[in-house]
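Hi everyone, thanks for coming.

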Amino acid sequence: MMRVGVFATIHGDEPEGVLALGRFLEQLAAQPELGEGFGLFLYPVCNPSGFEDNTRHSRSGKDLNREFWTDTVEPEVQVLESEIQEQAFDGIITLHSDDTSDGLYGFVRGAVLSEHLLQPALLQAGRFLPRNHRETIDGFEARHGIIRSGYPGMLQARPNLRHPPFEITLETPQKAPLHRQVDALVAALTTILTEYRYLQAVGQNI
Ligand SMILES: [Zn+2]
């Protein structure tokens, strides 16, 4: 079984991810074959106090997405770190929305194949929203909406694993119509699963 964790709303003022996970579950119920072979672990509200207050930070005032694997005292992050550790995911996907971006983009880290999953995911999500093609996004060098680095302390697997999971952070343009962001995220998620299943199957035949 391929184990994939999907994490939404680590920034409390980005409810688009929770809504997308709801829609994603509906789609899985309607088309169970989409999830075939996967153990899916969904974490819809990773920052509950920020979600309640509609703030990026948690009520403690911290940006939780800079706290991972820093010996943090933030309880939300401690819980998520132990989940990430115990579940030993093959893939980690996090959902964000960015009010400074006019298009879709994403971060890749971890396993090399992450980028080969994000490319088709952005292509399919592009049916609903444009892509951010800028050469610099959020201060990072980007190519066709893909950033190959990220912030220290982002939600991810413990650094320096010998066999890291694939790690993808999806970002939608937050000022775009909500239903389009939801549709784009669902399209990206289902594409990542389909492509990953395919690449695993091909890999096993080599
Ligand atoms: Zn965010």
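Predicted model: local features only at pLDDT ≥ 70, side-chain atom pairs only at ≥ 80, totals over all residues.

Let's start with helix α1, where Glu16, Gly17, Ala20, Leu21, Phe24 and Leu28 are buried. These residues lie on the same side of α1, because they cover an arc of only 130° around the axis. Turn to the other side of α1 and you find Glu26, Ala29 and Ala30, which are exposed.

Now let's zoom out. How many helices and strands are there in the protein chain? There are five helices and eight strands. From the N terminus on, they follow the order β-α-β-α-α-β-β-α-β-β-β-β-α. The radius of gyration of the protein chain is 16 Å, close to the 17 Å that the globule rule gives for 206 residues, so the chain is as compact as a globular protein of that length. If you like to picture a box, the C-alpha atoms fill one of roughly 50 × 35 × 35 Å along the principal axes. As for contacts between residues at least 6 apart in sequence, 77% join residues at least 24 apart.

On to the inside. Of the 206 residues, 42% count as buried. The largest nonpolar core has 51 residues, and Val6, Ala125, Leu185, Ala188, Leu189 and Ile192 touch the most other members. Helix α5, residues 178-204, gives this core its largest share, ten residues. Take isoleucine 192 and set aside its neighbours within four places in sequence: its contacts are Ile93, Leu117, Ala121 and Ile168. As a general point, nonpolar side chains in soluble globular proteins tend to be buried together.

Last stop, two hairpins. Strand β5 (residues 136-137) runs antiparallel to strand β6 (residues 140-143), and two bridges join them. Here threonine 136 has glutamate 141 as its bridge partner in β6. Two residues sit between β5 and β6 in this hairpin, and aspartate 138 in the turn has a positive phi of about 60°.

Then β6 is joined by two bridges to strand β7 (residues 146-147), again antiparallel. Arginine 143 has isoleucine 146 as its bridge partner in β7. This hairpin also has two residues between its strands, with histidine 144 in the turn at a positive phi of about 50°.

Technical notes: Residues numbered from 1 in each chain as written. Pairing = 2+ DSSP bridges. Helix = DSSP H or I, 4+ residues; strand = E, 2+ residues; numbered from the N terminus. Rg over C-alpha atoms; globule rule 2.2 N^0.38 Å. Buried ≥ 20, exposed ≤ 12 C-beta atoms within 10 Å, placed from the backbone. Contact = placed C-beta atoms within 7 Å. Core = buried A, V, L, I, M, F, W, Y, C linked by C-beta atoms within 7 Å. Arc of directions from axis to C-beta.
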